[in-house]
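Please keep the sequence and the structure in view while reading.

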Amino acid sequence: MVDSSFEKAVKFYTEKRYELALKELLKSDSNLKDNPDLSYYLGLCYTKLKQFDEAIIFLEQAITSQTNVLYIYQCRMILSYIYAVTEQFKLAEYELKRLIEDGYESVQVYCSCGYVQYQQGRIEKAMEFFEKALNIDGEHPTTLNSVGYILADEELDLDTAIQYCAKAVEKVPDYYPFLDSLGWALFKAGKSDEALEYLRSAFDLSKGNKVIARHLKEAIDSRK
């Protein structure tokens, strides 16, 4: 028997109508045992709606019940994201480690590993993971931006920092984290006028991000 609520939910999810998708999933005639995709989509919807406690429950259920390896990979990646944004970095690290152990090596996995290590203050380890990511895809914008930002923030290699950040901005021009990184790298290199252009754009697009606000203030104050 076709579960019309589940089919509607998947359609709403692909249309990015996450609240409607969740309502249909909760009305579904399927049960979690017979339809492992139900847990998967519940986890996705709760993640999109930033209801992370509920998302974790269903993503974990999906991992244990799924036979689709792509879904398992996605669930672990999403769990690592949730743990990272909620600053549970040890748990994020665990999920990413499991992916690597299970053979899911990708630029996204290694880039996420680098981010998690960096957030724990392990600069050298972070750079090792970012290097692995770039070995897979030397043009990956998020990895380029991450390496550039660290090189600038730690004042390790400002020329390379600017080069990497500029390449990331070239690939994704209006993404405020990339604009901020390039502005910050330029500021660290003593190019305040150029830096302000990017930092102001990043601040406006981010609608007042605190880190970007701090970067912008430093750049402005340096000119007084």
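Just after α3, Lys-50 adopts a positive phi of about 60 degrees. This value, like every other in the report, comes from a predicted model.

The helix itself, α3, covers residues 36–48, and at 1.5 Å a residue its 13 residues should span 18 Å; the C-alpha atoms at its ends are 19 Å apart, which agrees with that expectation. Helix α3 is mostly covered, since 10 of its 13 residues are buried under the cut-off of 20% relative accessible area.

## The chain as a whole

The chain holds 13 helices and zero strands, and along the principal axes its C-alpha trace spans about 70 × 35 × 25 Å. Of its 224 residues, 46% count as buried. When contacts between residues at least 6 apart in sequence are considered, 45% of them join residues at least 24 apart.

The chain exposes about 12300 Å², and carbon and sulfur atoms supply 50% of that area. As for charge, the chain carries 27 positive and 36 negative charges, whose mean positions are 4 Å apart.

## Aromatic pairs

How many aromatic pairs does a search of the whole structure find? The search finds 11. In one of them, the rings of Tyr-73 and Tyr-104 have centres 5.7 Å apart and planes at 55 degrees, so the pair counts as tilted. Because Tyr-73 lies in helix α5 while Tyr-104 lies in the loop between α6 (89–101) and α7 (107–119), this pair ties together parts that are 31 residues apart in sequence. Tyr-73 and Tyr-104 are both buried.

Tyr-175 and Phe-178 form an aromatic pair that is edge-to-face, with 4.7 Å from centre to centre and 85 degrees between the planes. Within this pair, Tyr-175 counts as partly exposed at 39% relative accessibility, whereas Phe-178, at 3%, counts as buried.

The C-alpha atom of Phe-58 is separated by 33 Å from that of Glu-131, a residue 73 positions away along the chain.

Thr-143 has its place in helix α9, which comprises residues 141–153. Is Thr-143 buried or exposed? Its relative accessibility is 0%, so Thr-143 counts as buried. Leaving aside residues up to four places away in sequence, Thr-143 touches Val-107, Cys-111, Phe-130, Ala-133 and Leu-134.

Note on methods. Residues numbered from 1 in each chain as written. Predicted model: local features only at pLDDT ≥ 70, side-chain atom pairs only at ≥ 80, totals over all residues. Heavy atoms only, no water. Helix = DSSP H or I, 4+ residues; strand = E, 2+ residues; numbered from the N terminus. Expected span 1.5 Å × (residues − 1). Buried < 20%, exposed > 50% of the residue type's maximum accessible area, 1.4 Å probe, protein only. Contact = heavy atoms within 4.5 Å. Areas by Shrake-Rupley, 256 points an atom, 1.4 Å probe, with all protein chains shown as cover. Lys, Arg positive; Asp, Glu negative; His and termini not counted. Charge placed at Lys NZ, Arg CZ, Asp CG, Glu CD. Phe/Tyr/Trp six-rings, centres within 6.5 Å; stacked < 30°, edge-to-face > 60°.
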